[in-house]
Amino acid sequence: MNPSISVLTLGVDDLERALIFYRDGLGLPTEGIIGTEFEHGAVAFFDFQPGMKLAIWKRDDLIHDANIVSTAPSSAEFTIGHNVASKVAVDQVMEQARLAGATITSPAHDTFWGGYSGYFQDPDGHLWEIVWNPSWEFPVE
């Protein structure tokens, strides 16, 4: 397997609410909800860096497509890491998420390993870490 991820799909309870959060609140570029003509097909894609997209899909439709049993979601299963170029950028993204309706679970703070990060949950409870790592270089935002 070539270690490459091109789409990260989040199961959401309310597709419209999630679209508003990610598009309007966080400012992620998207064409909006597509695939409504198909049963279980409504989805929205957001462009990230070249070759990477975020998708939101109704949780029940994802469960149907994957042929799995529905279980209670847990925010602790994984985090989505958004690395930024500075401490200031961490604070800016955290504030943008808060204004968009995110729940701040851990305000931005200096970390034990020398970085700076904070966590928030989107309206469906997915956990995002906004982080500045002084050892990693990323394009200035």
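A contact here means heavy atoms within 4.5 Å. By that rule, residues 24 or more positions apart account for 50% of the contacts in the chain with a separation of 6 or more. The structure is a predicted model, in which local features need pLDDT of at least 70 and side-chain atom pairs count only at pLDDT 80 or more, while totals for chains, interfaces and linings use all residues. Residues are numbered from 1 along each chain as its sequence is written, and side-chain values use heavy atoms, with hydrogens and water left out.

The chain contains three helices and eight strands. Both kinds of element are DSSP runs numbered from the N terminus: helices are H or I runs of at least four residues, and strands are E runs of at least two. Along the sequence their order is β-α-β-β-β-α-β-α-β-β-β.

Next comes the overall form. The radius of gyration, taken over C-alpha atoms, can be set against a globule rule of 2.2 Å times the number of residues to the power 0.38. For 141 residues, a compact globule would have a radius near 14 Å, and the 16 Å of this chain agrees with that. Along the principal axes, the C-alpha atoms fill a box of roughly 45 × 30 × 30 Å.

Accessible areas come from the Shrake-Rupley method with a 1.4 Å probe, and for residues only the protein chains shown count as cover. The chain exposes about 8,600 Å², of which carbon and sulfur atoms supply 54%. A residue is buried under 20% relative accessible area, exposed over 50%, and partly exposed in between (1.4 Å probe, protein chains only). Of the 141 residues, 38% count as buried.

Charge is counted with Lys and Arg as positive and Asp and Glu as negative, leaving out His and the chain ends. Each charge is placed at NZ of Lys, CZ of Arg, CG of Asp or CD of Glu. There are 7 positive and 20 negative side chains, and the centres of the two sets lie 4 Å apart.

Two strands pair if DSSP finds at least two bridges between them. Strand E1 (residues 7-12) runs parallel to E4, joined to it by six bridges; Val 7 stands opposite Lys 53 in E4. E4 also pairs with E3, in the antiparallel sense and over five bridges. Here Phe 45 has Ala 55 in E4 as its bridge partner. In a regular strand the side chains alternate between the two faces of the sheet.

E3 and E4 form a hairpin with five residues between them, and Gly 51 in the turn has a positive phi of about 85 degrees. Pro 50 lies in this loop, between E3 (43-47) and E4 (53-58). Pro 50 is exposed because its relative accessible area is 84%.

Two other loop residues have a positive phi without being glycine. His 40, with about 65 degrees, sits between strand E2 (30-34) and E3; its relative accessibility of 27% makes it partly exposed. Asn 67, with about 55 degrees, lies between helix H2 (59-66) and strand E5 (79-83) and is exposed at 70%.

Further along, Trp 113 is in the loop between strand E6 (103-110) and strand E7 (116-121). At 38% relative accessibility, Trp 113 is partly exposed. Leaving aside residues up to four places away in sequence, it touches Val 131, Trp 132, Asn 133 and Pro 134. By contrast, the C-alpha atoms of Trp 113 and Ala 97, 16 residues apart along the chain, are separated by 24 Å.
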